[in-house]
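Please open the model in your viewer and keep the sequence beside it. The stops below say what to select next and what is there.

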Amino acid sequence: SYITNCYATGDVTGTTPEGNSYQVDTGGLVGFSQLTTSIINCYATGDVTSSGIENTNRVTAGGIIGYTETEIHIRDCFATGDVSGTGKCSNYFVGVGGIVGRLHANSDVENCYAIGDVSGTGTGDSAKVYVGGIAGTPYYSDIVNSYALNQHVSASGTASEFQVNRAVGEGETYQTILSNYGWVGTNVNGTTVTSDDVASVH
């Protein structure tokens with residue numbers, strides 16, 4: 001399927017019902033994708049907020065898309081709103097990115113940029129929190145020729161693991177991060193980044 005030449009300007013909020021262990025996936029344009037999809041030449045300008053109240057399996061938030069269950073290609077897109085994800089995820093994760101919260105294997109983000117602040121908060125003994133200016137967790141996917149222009153990227157809470165970086169949060173399951181750049185001055189969990197080259201996960 002294809003999503004092309006479209007935009008969304010409103011704020012988007014997603015939350016789980018109280019007392020239920022659902023996942024919540026929230027995006028400025030798309031919340032959850034189950035089919036192989038291409039999103040081309042699209043943008044979103046609203047703030048995105050995704051929150052799991054109690055015992056949530058997964059919380060994702062992205063300026064364009066929250067969670068992809070299959071291969072997806074995001075090209076020539078941008079997001080300008082702030083993106084945040086919060087959840088008590090005892091067995092899974094919180095994934096937050098300026099463009100995408102969580103990518104499926106063999107996906108890619110190319111020629112995209114994100115401007116808004118990105119933050120993730122997680123609680124739970126086994127919870128993991130992944131936050132990045134472009135992608136929270138890329139899961140064996142490519143991030144190419146894209147720009148992390150966020151002023152603040154942060155992760156907090158009482159989770160068992162935190163990975164937060166200017167471009168890509170989780171730095172263990174990516175395939176290629178190539179020719180990406182970031183704003184000099186981005187504050188990553190209290191530390192100001194001084195280089196514009198984010199060819200690495202930072």
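Two strands pair if DSSP finds at least two bridges between them. Strands (E, at least two residues) and helices (H or I, at least four) are DSSP runs, numbered from the N terminus. This is a predicted model: local features need pLDDT of at least 70, side-chain atom pairs count only at pLDDT 80 or more, and totals for chains, interfaces and linings use all residues. Residues are numbered from 1 along each chain as its sequence is written, and side-chain values use heavy atoms, with hydrogens and water left out.

**Stop 1**

Select residues 58-62, which are strand 9. Strand 9 pairs with strand 4 in the parallel sense, over five bridges. One place to look is glycine 27, whose bridge partner in strand 9 is glycine 62. Now widen the view to the open sheet, where five strands run in the order 4-9-14-19-24 with parallel pairing. Strand 4 and strand 24 (161-165) are at the edges with a single partner strand each, so one side of each has no neighbour in the sheet. On average, neighbouring strands of this sheet are turned by 0 degrees against each other, direction ignored; axes are lines fitted to C-alpha atoms (for helices over the stretch in contact), and angles run from 0 to 180 degrees between N-to-C directions.

**Stop 2: threonine 16**

Go to threonine 16, in the loop between strand 3 (12-15) and strand 4 (23-27). Is threonine 16 buried or exposed? Its relative accessibility is 3%, so threonine 16 counts as buried; buried means under 20% relative accessible area, exposed over 50%, and partly exposed in between (1.4 Å probe, protein chains only). Beyond its neighbours within four places in sequence, threonine 16 has contacts (heavy atoms within 4.5 Å) that include Tyr22, Ser51, Ile53 and Thr56.

**Stop 3**

Next, show the open sheet with the strand order 5-10-15-20 and parallel pairing. Strand 5 (30-33) and strand 20 (135-137) are its edges; each has a single partner strand, so one side of each lacks a neighbour in the sheet. Here neighbouring strands are turned by 15 degrees against each other on average, direction ignored. Within this stop, pick strand 10 (residues 65-68) and strand 15 (residues 100-102), a parallel pair with two bridges. Isoleucine 65 has valine 100 as its bridge partner in strand 15.

**Stop 4: serine 141**

Select serine 141 in the loop between strand 20 and strand 21 (142-144). Serine 141 is buried, with a relative accessible area of 0%. Its side chain reaches the backbone oxygen of histidine 104 at 2.5 Å.

**Stop 5: strand 18**

Color residues 118-123, strand 18. Its covered face holds Val118, Gly120 and Gly122, while Ser119, Thr121 and Thr123 are on the uncovered one.

**Stop 6: rings**

Finish with tyrosine 92 and phenylalanine 93, an edge-to-face aromatic pair with 4.6 Å centre to centre and 70 degrees between the planes. Rings of Phe, Tyr and Trp (its six-membered ring) pair if their centres lie within 6.5 Å; planes under 30 degrees apart count as stacked, over 60 as edge-to-face and the rest as tilted. Tyrosine 92 is partly exposed at 34% relative accessibility, whereas phenylalanine 93 is buried at 6%.

Terms used:
A polar contact is a pair of N or O atoms within 3.5 Å; within protein, one must be able to donate a hydrogen and the other to accept it, and residues adjacent in sequence count only if both atoms are side-chain atoms.
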